[in-house]
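Hi there,

Here is the structure I promised to pass on to you. Could you have a look at it alongside the notes below?

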Amino acid sequence: MVDIKEVAENIILIDDALYSIPEWGSVYLINEEKKALVDTGPTTSVNAVLDGIKKAGVGPAEIDYVIATHIHLDHAGGAGELLKYLPQAQVIVHHKGARHLINPEKLMKSFASTMGERMVQKTGPVTPIDEERIIPVSGDEVFKLGERQSLRVLHTPGHAPHQICILESRNNGVFSGDAIGISVAGGKVLVPATPPPAFDLELSLASLEKLTELNADLIYFAHFGATDRVRESIDIATNKLKTWNTIISRTFNEEGFEAAFKKIRAQLYSELEPARESESLYQYLASGIVAMNVTGFLKYFQEKKHGLRW
Ligand SMILES: [Zn+2]
């Protein structure tokens with residue numbers, strides 16, 4: 001049975017049972033006169049999301065918007081499949097990601113090459129989305145859902161070029177996608193998400209600064225749940241990115257690539273330690289997130305060093 005929880009006024013968290021791990025993937029339903037979903041999970045989560053919507057007392061045909069915080073498959077891979085059940089819904093997505101949802105072939109190939117065949121099975125295929133159902137955004141657009149609820153789009157690149165965050169006016173909360181990183185084990189673990197192919201440190205830090213300036217009262221993490229420790233969470237993410245960068249720069253220059261790889265990997269393992277209380281989540285983080293973060297960060301670092309990013 002799907003778990004749902006009202007985390008702020010008219011904001012319902014649906015645990016989309018991402019990769020069959022509890023408390024790992026959050027899909028949010030904003031239940032106003034008009035209704036919106038923030039992220040969808042992958043295709044393998046579509047049934048959980050539909051159950052969650054119904055459990056909240058909302059009919060799937062009442063959903064007006066599906067917002068993709070970014071197009072990584074654990075966030076928006078299921079959007080095309082879900083739309084079959086949401087006849088009125090349009091998809092809000094950053095314009096840099098829109099074409100990949102319309103024609104997902106490249107997106108699926110990129111995912112398979114970074115994450116491997118086993119994750120492709122866990123994620124499921126990506127159903128293409130009809131171009132007419134897509135609203136491409138670039139930042140600063142406002143979508144009014146009701147008298148007291150408007151959603152403002154913020155472009156927050158860094159984790160990915162197509163990453164957006166959404167500021168909702170009713171509770172002054174921000175849907176952060178992966179821009180602030182992942183916050184799991186009840187907030188005991190908060191680490192930035194720095195995946196290949198396009199993680200960018202400078203853009204990430206600039207986006208975190210932009211998010212600080214919002215003075216939001218709540219963060220709704222995609223992984224996982226809501227917190228009112230807004231400033232603290234953004235500061236932790238910022239400091240970790242800076243620390244990782246220092247570790248990598250120093251080790252890379254003094255001892256080379258292999259040593260930098262090992263050092264940052266050991267650092268990440270130690271930071272994930274508190275997540276051990278949930279065995280399935282820890283296993284996933286240790287086997288998936290660590291390698292992904294290390295690869296993404298080192299790729300960025302090498303490209304910067306060789307002048308490919310400037
Ligand atoms: Zn992501």
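Before we get to the sheets, one term: two strands count as paired if DSSP finds at least two bridges between them. Please also keep in mind that this is a predicted model.

**The seven-stranded sheet**

With that in hand, 7 strands form an open sheet, running in the order β1-β2-β3-β4-β5-β6-β7 with mixed pairing. At its edges are β1 (4–8) and β7 (134–137), each of which pairs on one side only. Ignoring direction, neighbouring strands here are turned against each other by 25 degrees on average.

Inside this sheet, you can follow β4 (residues 35–38) alongside β5 (residues 63–67): the two pair in the parallel sense over 4 bridges. Across that pair, A36 stands opposite Y65 of β5.

Helix α4 (residues 95–102), for its part, lies across β6 (90–94) and β7, and runs at about 130 degrees to β6. Which residues of α4 are buried? They are G97, A98, H100 and L101. The cover over these buried residues includes α2 (73–76), α3 (79–83) and α5 (105–115), along with β6 and β7.

**The six-stranded sheet**

There is also an open sheet of 6 strands, again with mixed pairing, in the order β8-β9-β10-β11-β14-β15. Here the edge strands are β8 (142–146) and β15 (225–227), each pairing on one side only. Neighbouring strands of this sheet are turned by 25 degrees against each other on average, direction ignored.

Strands β10 (residues 164–168) and β11 (residues 173–177) run antiparallel and are joined by 3 bridges. In this pair, I166 stands opposite F175 of β11.

Strand β10 also holds C165. Why is C165 classed as buried? A residue counts as buried if 20 or more other C-beta atoms lie within 10 Å of its own, and C165 has 27 of them within 10 Å. Leaving out residues up to four places away in sequence, C165 touches T69, L154, T156, V174, F175, S176, G177, A179 and L211.

**The helices around α10**

Two packed helices are described by the angle between their axes and the distance between the axes. For helix α8 (residues 230–255) and helix α10 (residues 279–305), the axes come within 11 Å and cross at roughly 60 degrees. The two are therefore oblique to each other, and their crossing is right-handed. On the α8 side the contact is made by W244, I248 and F252, and on the α10 side by F297, L298 and F301. By class, that contact has 6 nonpolar, no polar and no charged residues.

Helix α9 (residues 257–272) meets α10 as well: their axes come within 10 Å and cross at roughly 140 degrees. This crossing is also right-handed. From α9, the residues A260, F261, I264, R265, L268, Y269 and L272 meet Y282, L285, A286, V290, N293, V294, F297 and L298 of α10. The contact of α9 with α10 has 13 nonpolar, 1 polar and 1 charged residues.

Terms used
Residues numbered from 1 in each chain as written. Predicted model: local features only at pLDDT ≥ 70, side-chain atom pairs only at ≥ 80, totals over all residues. Axes fitted to C-alpha atoms, helices over the stretch in contact; angles between N-to-C directions. Parallel < 35°, antiparallel > 145°, perpendicular 65-115°, else oblique. Left-handed = near helix turned anticlockwise from the far one by under 90°. Contact = placed C-beta atoms within 7 Å. Nonpolar A, V, L, I, M, F, W, Y, C, P; charged D, E, K, R; others polar. Buried ≥ 20, exposed ≤ 12 C-beta atoms within 10 Å, placed from the backbone.
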